[in-house]
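Please study the sequence and the structure before reading each solution.

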Amino acid sequence: MHVLDKTVERLEAEAVNSTKTRQPLYAPRKKIFPKRASGSFRRFKWLVMAITLGIYYLTPWLRWDRGPFAPDQAVLLDLANRRFYFFFIEIWPQEFYYVAGLLMMAGIGLFLITSTVGRAWCGYTCPQTVWVDLFLVVERAIEGDRNARMKLDAGPWTTHKLVLRVSKHTIWLVIAAATGGAWIFYFADAPTLLREVFTGTAAPVAYITIAVLTATTYTFGGLMREQICTYMCPWPRIQAAMLDENSLTVTYNDWRGEPRSRHAKRVQAAGQLVGDCVDCNACVAVCPMGIDIRYGQQLECITCALCIDACDGVMDKLGKKRGLISYATLSDYNANTAVATGGGSGAVKPSLLLTADGTFSDRLAHFHIRKIFRPRTFAYMGAWSAVGLALLYSLLARERLEVNVLHDRNPQFVTLSDGSIRNGYTVKLLNMVPEPRTIVVTMQGLQGAEMSVVGIDLPAARSFAIPVEPDRLKMLKVFVRQPANQVEDTAQTFKFRVEDMASFESDEYTATFNAPETAR
């Protein structure tokens with residue numbers, strides 16, 4: 001027993017020591033303080049941010065005159081009446097295939113963009129990227145640029161620091177609330193809903209939606225930032241399958257930059273090779289994901305190209321050619337690496353890249369626009385265009401008048417006192433335009449038969465003019481009667497034809513008239 005007790009004590013001690021030395025499963029988050037960049041890509045991001053935020057916040061307030069019988073909001077998802085309005089286009093629930101088609105085009109377009117220019121969606125137009133950029137604008141305006149923010153974060157809590165932090169988070173919350181508020185305006189008349197929200201008379205779902213979107217925007221854009229892209233978004237994992245050797249990605253051209261040195265002149269004076277990279281870390285300082293692009297392609301990289309702007313600025317100051325970090329394809333990178341190493345796989349030799357006058361060798365590979373047009377991109381473009389053209393044709397050719405007919409199931413027919421046979425039908429007239437119409441309902445076929453409409457005090461006939469309200473479905477109870485001597489079969493087919501005489505739109509439905517065996 002004594003030996004067993006010693007063994008147990010030893011195992012427990014080892015377990016305790018193992019627990020003390022065990023590494024955590026997840027590394028703690030390291031705060032990122034992106035420095036403000038300047039350059040062509042940064043200007044392009046400002047432009048994209050202005051356009052996308054402008055579209056999001058302003059679209060619900062655009063007006064479009066559809067007449068007195070339809071809402072005048074240009075873009076409206078009218079869930080109460082089950083309509084989707086987009087300027088001159090009106091989508092009904094049964095036309096949801098238009099939405100499905102647009103989603104297909106968005107997916108194929110994302111594949112096309114990724115296969116050609118990498119994660120351009122992530123770097124420029126993704127809502128997470130756009131709102132993080134907006135929140136960073138506020139942060140820099142209040143707390144200063146990178147060094148000031150790092151110093152503030154590391155410093156003790158003072159009244160000044162508290163005021164800055166409260167101001168920043170307050171503005172973030174206002175932006176987040178405006179984001180949630182803008183979203184609900186897409187589902188109701190914006191001016192009316194705005195007044196109801198501020199007077200406390202809006203529906204509870206409006207306040208719940210604003211609260212949820214405010215919380216998510218504030219958390220995702222202000223607090224979590226790059227963690228959303230790294231850990232929550234599936235696209236970084238998927239996009240690897242979308243790239244090939246001819247896809248443009250942000251690339252550090254180590255064939256030119258290595259070996260790097262902060263003391264290039266001293267190293268050159270010693271007769272050693274040195275690349276163009278001066279190890280200034282400017283590319284790291286501006287990266288919103290906090291990565292070092294010099295270590296190659298990484299899952300976290302959203303290809304925002306701010307590191308290109310930062311590096312180009314340093315090259316300009318040093319009097320060196322731009323492009324140490326650039327958009328490049330894998331095939332071009334491999335070709336240039338082969339030139340830099342003299343065709344072998346050894347160390348990079350920057351001297352091989354330069355001519356006698358100090359310019360870069362003509363042997364360097366450069367990206368050509370024709371590389372975008374390859375079988376893969378043609379396939380994506382063809383699929384995207386096919387779906388788009390199919391939707392466009394369907395949209396231009398669709399009829400805005402429909403008829404649907406349901407035969408009474410019990411009883412399927414009735415024998416009247418004079419021996420004639422009567423069938424009952426529910427006829428549904430769908431007026432899909434925002435104006436009233438008079439629809440002529442006519443029977444075609446079924447010799448000797450006449451119809452009567454419940455609620456219309458007119459004698460039986462083969463045709464009736466029915467008024468239909470704008471953007472409405474009208475249901476009619478119709479009885480069709482046929483003399484017994486005219487019955488040809490136990491199941492005869494005929495048509496209900498509907499037509500708008502003003503627009504000449506029409507539709508037909510083939511129905512069945514049932515009769516007993518003895519009626520023939």
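**Exercise 1.** Which residue in β8 does V403 stand opposite?

*Solution.* The model is a predicted one. Begin with the two strands: β6 (residues 401–407) and β8 run antiparallel and are joined by seven bridges. Within β8, the residue opposite V403 is L429.

**Exercise 2.** Determine which other strands pair with β8, and identify the partners of R422.

*Solution.* Step one: strand β7 (residues 414–415) is antiparallel to β8, with two bridges between them. Here V414 has R422 as its bridge partner. Five residues lie between the strands in the hairpin of β7 and β8, and G419 adopts a positive phi near 90° there.

Step two: eleven bridges connect β8 with strand β12 (residues 472–482), again in the antiparallel sense. R422 has R481 of β12 as its bridge partner.

**Exercise 3.** Explain why strand β8 is described as largely enclosed by the rest of the structure.

*Solution.* A residue counts as buried under 20% relative accessible area. Of the eleven residues of β8 (residues 421–431), nine are buried, so the strand is largely enclosed by the rest of the structure.

**Exercise 4.** Describe how helices α2 and α5 are arranged and which residues meet.

*Solution.* First, the axes of α2 (residues 40–58) and α5 (residues 127–143) come within 10 Å and cross at roughly 105°. Angles of 65 to 115 degrees count as roughly perpendicular; α2 and α5 are therefore roughly perpendicular to each other.

Next, consider the contact. Residues of α2 including W46, M49 and L53 meet residues of α5, among them W131, L134 and V137. Sorted by class, this contact of α2 with α5 comprises nine nonpolar, two polar and three charged residues.

Technical notes: Residues numbered from 1 in each chain as written. Predicted model: local features only at pLDDT ≥ 70, side-chain atom pairs only at ≥ 80, totals over all residues. Heavy atoms only, no water. Buried < 20%, exposed > 50% of the residue type's maximum accessible area, 1.4 Å probe, protein only. Helix = DSSP H or I, 4+ residues; strand = E, 2+ residues; numbered from the N terminus. Pairing = 2+ DSSP bridges. Axes fitted to C-alpha atoms, helices over the stretch in contact; angles between N-to-C directions. Parallel < 35°, antiparallel > 145°, perpendicular 65-115°, else oblique. Contact = heavy atoms within 4.5 Å. Nonpolar A, V, L, I, M, F, W, Y, C, P; charged D, E, K, R; others polar.
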